[in-house]
Amino acid sequence: MSENRNFWKNSRRVYRLLIVICTLALVSGILIFYINRDAQGEPEADGTEYTKFEDEEPNRIENGIHVRTGFIDAPGLQETVNNCTNCHSAKLVIQNRMNAERWHATIRWMQETQNLWPLGDNEDIIVDYLVTNYPPQNKGRREGLENLDWYELKP
Ligand code: HEC
């Protein structure tokens, strides 16, 4: 009989403990919800306002432009977005117009000095995409001089 009573006593203890744990979990859940909600789109204490990042459609294309990055929508876009917008803005990529050789050299430079990872097969896809959609522009700057006939300056 006393064993039976002990059993009920213990069950009640366990039951009470469960209620406490559930209440704590519920309260912290609600707290976390409100903290997160406040962290978005609310001005900081120093008055800085952050725009909420529209992540619902990270790969939305409008008028042939990948909205999030500004890249032209063409074959190789996704590989370029995935590998070339992690460390710096896509603008840095777009404004640099180079031929394939210089793109490969730039990628090699980033791999050697900036921790860019190996791109594997994607390297050719990305360079093709860049050369095709952002071809080097020669206008506005003259070509480098070649085969010059230098002459000695006489005193
Ligand atoms: C791991 C980080 C990282 C990734 C990923 C990355 N870059 Fe860079 N890249 C850098 C850093 C750092 C610089 C130097 C930025 C600066 O000078 O402000 C740079 C500079 C550049 C420049 C300017 C080079 C110059 O001569 O001024 C170009 C163009 C460029 N990156 C293109 C790319 C392309 C294309 C890809 C995708 C294949 C890419 N980046 C991916 C880190 C990265």
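Predicted model: local features only at pLDDT ≥ 70, side-chain atom pairs only at ≥ 80, totals over all residues.
## Overall fold

The chain has five helices and two strands. In sequence order they run α-β-β-α-α-α-α. The chain holds 155 residues, and 17% of them count as buried. Take the contacts between residues at least 6 apart in sequence: 45% of these join residues at least 24 apart.

## Helix H2 against helix H5

Helix H2 spans residues 77–84, and helix H5 spans residues 122–133. Their axes come within 9 Å and cross at roughly 110°. H2 is therefore roughly perpendicular to H5, since angles of 65 to 115 degrees fall in that class.

On the H2 side, the residues in contact are Leu 77, Glu 79, Thr 80, Asn 83 and Cys 84. They meet Asn 122, Ile 125, Ile 126, Tyr 129 and Leu 130 in H5. By class, this contact has six nonpolar, three polar and one charged residues.

## The buried side of H2

Which residues of H2 are buried? They are Leu 77, Thr 80, Val 81, Asn 83 and Cys 84. An α-helix has 3.6 residues a turn, so residues three or four places apart point the same way. The buried residues of H2 pack against strand S1 (61–62), strand S2 (65–66), H3 and H5.

Thr 80 sits in helix H2. Thr 80 counts as buried because its relative accessibility is 0%, and the cut-off is under 20%. Leaving aside neighbours within four places in sequence, Thr 80 is in contact with Phe 71, Thr 85, Ile 126, Tyr 129 and Leu 130. Ile 126 lies 46 residues from Thr 80 in sequence. In space, the C-alpha atoms of Thr 80 and Ile 126 are 5.4 Å apart.

## The iron site

The ligand carries an iron atom with two protein donors, His 88 (NE2) and Met 110 (SD). Both lie 2.0 Å from the iron. The site has six donor atoms, with angles of 86 to 179° among them, and is octahedral. Ideal angles for six octahedral donors are 90 or 180 degrees.

His 88 and Met 110 link distant parts of the chain, 22 residues apart. His 88 is in the loop between H2 and helix H3 (90–94). Met 110 belongs to helix H4 (residues 100–113).

Met 110 is buried, because its relative accessible area is 16%. The cut-off for burial is 20% relative accessible area.

## Two asparagines with positive phi

Most residues other than glycine have a negative phi. Asn 63 has a positive phi, near 50°. Asn 63 is in the loop between S1 and S2. With 79% relative accessibility, Asn 63 counts as exposed.

Asn 115 is in the loop between H4 and H5. At 70% relative accessibility, Asn 115 counts as exposed.

Conventions:
Residues numbered from 1 in each chain as written. Heavy atoms only, no water. Axes fitted to C-alpha atoms, helices over the stretch in contact; angles between N-to-C directions. Helix = DSSP H or I, 4+ residues; strand = E, 2+ residues; numbered from the N terminus. Parallel < 35°, antiparallel > 145°, perpendicular 65-115°, else oblique. Contact = heavy atoms within 4.5 Å. Nonpolar A, V, L, I, M, F, W, Y, C, P; charged D, E, K, R; others polar. Donors = N, O, S within 2.8 Å, 3.2 Å for Na, K, Ca; no water. Tetrahedral: all angles 85-135°; square planar, octahedral: opposite > 155°, others 65-115°. Buried < 20%, exposed > 50% of the residue type's maximum accessible area, 1.4 Å probe, protein only.
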